[in-house]
Amino acid sequence: YTLQGNDRMAERPIQALIDALVQIGVQARSTHDNGCPPVEVNGKNLSGTTVTISCRESSQYLTGLLLMAPCTEGGLKIGVTEGPVSRPYVDMTIDVMSQFGIAVHRQGYDGFHVAGRQAYRSGIYKVEADASQAGYFWAAAAICHAAVKVKGVSQNSCQGDVNFSRVLESMGCTVKNEPDGITVAGGDRLRAVEIDMGDMPDVVPTLAVVAAFAEGTTVIKNVSHLKSKESDRLTSVVNELIKMGVNARCTDDELMVVGGQPQGAVIETYGDHRIAMSFAVAGLAVPGTHIRGEHCVEKSFPNYWQVFEGLYK
C-alpha cells in the first residue's frame with residue numbers, strides 16, 4: 001500500500017510510527033526518506049509481539065498500534081518511551097475497543113498489552129457529540145458576555161476537550177452542567193490563565209482567541225505538538241493575533257497571549273479548519289474580521305457557518 005495525502009500531509013511527521021512497525025516486521029518506509037508521507041507499507045511479514053514507540057508528537061501512533069493489535073497472531077506489548085500527548089484520546093481508543101469486545105491491559109500510559117487473535121464484535125455504538133467543536137460556541141459566550149448551551153455533551157465524557165468549559169470557568173465564566181448539555185455564560189470580564197493544554201491541543205487556538213480578550217497574559221504550556229497539525233498552529237495563531245493588534249508570541253512548547261482590544265483584520269487560515277473556526281469567534285466581537293479560505297472547515301464541521309449563523313439574534 002502507498003498512503004499519501006495533500007501537500008500539508010506530506011509535511012506531517014510519521015517516522016515514530018514507521019519505526020514501531022519496522023520493529024514488528026512490517027516493511028514500512030517514507031518514500032521521500034524524510035519521515036513524512038507518502039508511506040509505503042507491506043504488512044505480510046508482521047511477526048513481532050513487542051514494540052516501543054515515542055508518542056511525543058501524537059497519540060495517534062499509539063491508537064493505530066492498539067487498533068491493529070488484536071488482529072495479529074501474537075498480540076502486542078507496547079511500551080511508550082515518550083508522552084503520550086493528548087492522553088484522553090488514548091482512553092477513548094481503549095473505551096471503543098472494549099465496547100466492541102477487545103480486552104486491553106494497561107499500565108497507565110506507559111505500557112499496553114493486547115492479546116492476539118481476538119475478534120472485534122459487531123454492535124451498536126453511539127458516538128458522542130464532538131467536544132472540540134463545542135469549544136467554539138463556549139468561546140463565543142465568553143467573549144460576548146452571553147450564555148450558550150451546547151447540547152449532547154457531558155462533563156462525564158472521556159473527551160479531554162470537554163474540560164475546555166472548566167478552563168473558561170477559571171477565566172471568569174460560569175459553567176452549568178445540565179442533563180441535555182453544558183452551558184457557558186460569559187462574565188463581566190475575562191482574566192488570563194497559565195495552563196498546561198497537552199491533553200487538549202485541538203482547543204488551543206480557541207483558547208488563544210479568548211485570551212486576546214482577557215486581562216493579563218495567558219501562558220499556554222506543553223503544546224509543542226501543535227507545530228505538526230494541519231498547520232503549524234503555534235505560528236499560525238501568533239501571526240493572526242498580531243494582525244489583530246494583539247501581543248502574542250510562542251516558543252517551542254508555549255504560547256503567550258497578552259489580552260487587549262483586538263482589531264478587525266483579514267485572517268489567513270493556512271488551510272486549517274481550527275484556525276478558521278477559532279478566529280471566526282473573534283469576529284463576533286470585532287467588526288471587520290474576514291476569514292479567508294473559509295471552506296477548510298469542511299474537514300471536520302461541514303455546516304459550521306450555518307450553525308455559526310445561529311448565534312445571531
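**Reading salt bridges in a predicted model**

Trainee: Which parts of the chain does the pair of Asp202 and Arg274 tie together?

Mentor: Asp202 sits in the loop between strand 11 (194-196) and helix 6 (204-211), while Arg274 belongs to helix 8 (residues 273-283), so the bridge ties together parts that are 72 residues apart in sequence. Salt bridges with shared partners also join these two into one network with Arg12, Glu230, Arg233, Asp272 and Lys299.

Trainee: Is Asp202 buried or exposed? And Arg274, buried or exposed?

Mentor: Asp202 is buried, at a relative accessible area of 14%. Arg274 counts as buried because its relative accessibility is 7%, and the cut-off is under 20%.

Trainee: How many salt bridges does a search of the whole structure find?

Mentor: The search finds 20. One of them pairs Arg29 with Glu40 at 3.2 Å, N to O. Arg29 is in strand 2 (residues 27-30) and Glu40 in strand 3 (residues 39-42), so parts eleven residues apart in sequence are tied together.

Trainee: How do Arg29 and Glu40 count by relative accessibility?

Mentor: Arg29 counts as partly exposed, at 41%. Glu40, at 33%, is partly exposed as well.

Notes: Residues numbered from 1 in each chain as written. Predicted model: local features only at pLDDT ≥ 70, side-chain atom pairs only at ≥ 80, totals over all residues. Heavy atoms only, no water. Salt bridge = Lys/Arg side-chain N within 4 Å of Asp/Glu carboxyl O. Helix = DSSP H or I, 4+ residues; strand = E, 2+ residues; numbered from the N terminus. Buried < 20%, exposed > 50% of the residue type's maximum accessible area, 1.4 Å probe, protein only.
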